[in-house]
Amino acid sequence: MFIKENHYNKLMRIIIFIIGVISMFGFFKKNNISSELREKLNSNDSIIIDVREENEVVEGHIEKAKWLPLSELKENSENSIENLKTQFPNKTFYLYCRSGNRSGIATDIFTDKGLKAQNIGAFDDLSKILATKKGQMDR
């Protein structure tokens with residue numbers, strides 16, 4: 001069975017359209033972390049903070065990251081933020097969690113208190129480009 005040429009052309013246009021729509025929504029992205037952000041994360045001007053809970057971080061975390069669980073940050077945000085300002089003056093804080101939701105909340109707390117902060121999303125994405133380790137984390 002042969003497809004007439006005009007049907008073939010229509011089919012090809014539809015396929016190209018579908019591929020275009022799919023690529024527009026990022027389905028072909030391998031990693032959503034830009035090389036610019038990767039460079040910033042590896043610089044001395046940045047502090048990476050994991051806001052997940054202890055049972056999550058012991059399973060794996062970014063090697064260079066500090067640990068400040070969101071639950072602790074919410075309970076004692078004034079002291080936590082003042083300690084970070086003292087310990088890491090003029091630094092930018094990059095926060096992550098399991099999915100990006102809790103780090104988004106923590107980022108809002110940081111910026112409301114006058115710190116430069118950015119939500120960098122999910123541990124699984126970061127673990128593809130940054131060194132990780134298991135076990136306890138530094139605070």
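Me: What does it take for two strands to pair?

Reply: Two strands pair if DSSP finds at least two bridges between them; strands (E, at least two residues) and helices (H or I, at least four residues) are DSSP runs, numbered from the N terminus. In this predicted model, local features need pLDDT of at least 70, side-chain atom pairs count only at pLDDT 80 or more, and totals for chains, interfaces and linings use all residues. Residues are numbered from 1 along each chain as its sequence is written, and side-chain values use heavy atoms, with hydrogens and water left out. Here, strand β1 (residues 46–50) is joined to strand β3 (residues 66–67) by two bridges, and the two run parallel. D50 has W67 of β3 as its bridge partner.

Me: In what order do the strands of the open sheet stand?

Reply: Strands of a sheet pair through backbone hydrogen bonds, either parallel or antiparallel. The order of the four strands here is β3-β1-β4-β5, with parallel pairing. Because β3 and β5 (116–122) stand at the edges with a single partner strand each, one side of each lacks a neighbour in the sheet. Between β1 and β4 (residues 92–97) there are five bridges, and I49 has L95 as its partner in β4. Six bridges join β4 to β5, where A122 is the bridge partner of C97.

Me: Is β1 mostly covered or exposed?

Reply: Buried means under 20% relative accessible area, exposed over 50%, and partly exposed in between (1.4 Å probe, protein chains only). In β1, five of five residues are buried. S46, I48 and D50 point one way, while I47 and I49 point the other way.
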